[in-house]
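Below is a briefing on one structure, grouped by topic. Definitions are given where each term first comes up.

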Amino acid sequence: MEELIYVDRRNSNCNKWDGQTAMFGEEGLHAMWVADMDFKIPQCVQKALHEYVDFGAIGYYRIPDGYYDAFINWEKKHFNFEVKREWLRFAPGVVAAFNWMIQMLTKKGDAVIVMTPVYYPFLQAVTNNERKLITSDLVNENGNYTIDFDDFEKKIVDNDVKAFILCSPHNPVGRVWRKEELKEMLEICHRHHVYVISDEIHQDFVFGDKKQTPSYLMTEHWDEILTITAPSKTFNLAGGQNSFVIIADENLRAKWDDFAKRIRLMTGNAFGFVAAEAAYKGGQEWLDKVKKQIVDNDQYLRELFKENLPKVVVTPLEATYLVWIDLRTYIKPEDTKEFIQKKCRLAVDFGDWFGGDRFNGFIRMNLATSRENVEIGVKRIIDGILGEK
């Protein structure tokens, strides 16, 4: 019987708990940032890693067929997506992959568009690679986010956009894009010859009656699309540095392979391959329990806010384990960081990180942790606000 075991990760060289200085300028904050989990990995993964270590020879690793088969079977079973072995390439992480794709598909000065608020490495990937960042804001109606397709297309046309980094499901607003939404985004990109880089790393965290649809299934123009996903979010394996790049088009694969040769991206961490294969083969029961924990934590958080701060807007959690919270009714947007960090002593992801000052007053909190940690985080916000009244 698989158990979900919470781990106190303090003093373990854990970035979430022990590496806060880089982002917050100090340590010792209650950690509800960084998208990884405070749970032990599945037993099947622990067993596979133990066996590999016990074997005792950690040399160059030949990636086994079982690694690819496990992922291909997972995609077929969960998303009815028939991935072919020859489509798959390796990257040490989705962030590295979409940075390389921007370099591979565009030139310096080219425009790249994203839908904001969005995972902030998207923004950094554009600016750090000396491309022109174009943003199309999602429409926020009391915490419910939709796409402004007119704005999206106009920004593409006006700026001669060359690539679009799609977040599906969307981080941080937790949207699962409907088939018609995906189809419209992809058709707009096709009309204007825009490459689509689809980050689908949160694909396995979809809740209720919502269904995740791979972007590939919503377009026939496979020469314009590349997808990235990974076991790192699904099974808490970020330290394994292992991601899948899916490229169905032969010419795009050739571009990727040429780029990979130039940077000597030939293979990765053996432990990551071992862990990923074991997780996709045997981690389902563990994942089911994690998802239940996240749903329970989400409901608990909403109940606490509703009871104590009813004007806090918590965006519906259709996907991911990251909840997007609007505190602007109670806190001046420009005071959010001072209040959350200095008064509440919390480490969260602040709204402006996801697209600029217009998102001040929002925070993103990680629910992939214990009920007690969620309670501490939410109650510190409640006590901090009510204490000021």
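Helices (H or I, at least four residues) and strands (E, at least two) are taken from DSSP runs and numbered from the N terminus. The model is predicted, so local features need pLDDT of at least 70 and side-chain atom pairs count only at pLDDT 80 or more, while totals for chains, interfaces and linings use all residues. Residue numbers start from 1 along each chain as its sequence is written, and side-chain values use heavy atoms, with hydrogens and water left out.

**Salt bridges**

- A salt bridge is a side-chain nitrogen of Lys or Arg within 4 Å of a carboxyl oxygen of Asp or Glu; by this rule the count comes to 31.
- R345 pairs with E26, with the closest N and O atoms 3.0 Å apart. R345 sits in the loop between α13 (336-343) and β13 (346-347) and E26 in the loop between α2 (21-24) and β1 (30-31), so the bridge ties together parts that are 319 residues apart in sequence.
- Burial follows relative accessible area: buried is under 20%, exposed is over 50%, and partly exposed is in between (1.4 Å probe, protein chains only). R345 is partly exposed at 27%, whereas E26 is buried at 16%.
- K108 and E130 form a salt bridge at 3.4 Å, N to O. K108 is in the loop between α5 (94-105) and β3 (111-116) and E130 in the loop between α6 (120-128) and β4 (132-137), 22 residues apart. K108 is exposed, with a relative accessible area of 60%.
- E285 and K289 form a salt bridge at 3.8 Å, N to O. Both lie in helix α12 (residues 284-308), four residues apart, about one turn of the helix. E285 is partly exposed at 35%, and K289 is partly exposed at 29%.
- R9, K16, D36 and D38 are linked in a salt-bridge network.

**A buried charge without a partner**

- E75, in helix α4 (residues 65-79), is buried and has no salt bridge; K76, the nearest side chain of opposite charge, is 11 Å away. In this count Lys and Arg are positive and Asp and Glu negative, with His and the chain ends not counted.
- Contact means heavy atoms within 4.5 Å. Not counting residues up to four places away in sequence, E75 touches N80, F81, V83 and Q203.

**Backbone geometry**

- The S168 to P169 peptide bond is cis, with omega about -5°, and the N171 to P172 bond is cis, with omega near 25°.
- N13 is not a glycine but has a positive phi of about 60°. N13 lies in the segment before α1 (15-18) and is exposed at 78% relative accessible area.
- T320, also a residue other than glycine, has a positive phi near 70°. T320 lies in the loop between β11 (313-314) and β12 (322-326) and is buried at 0% relative accessibility.

**Nonpolar core**

- A nonpolar core is a set of buried Ala, Val, Leu, Ile, Met, Phe, Trp, Tyr and Cys residues joined through side-chain atoms within 4.5 Å. The largest has 140 residues, and those with the most contacts inside it are F164, W256, F305, I325 and I381.
- Leaving aside neighbours within four places in sequence, W256 contacts residues including R89, F90, W100 and L265.
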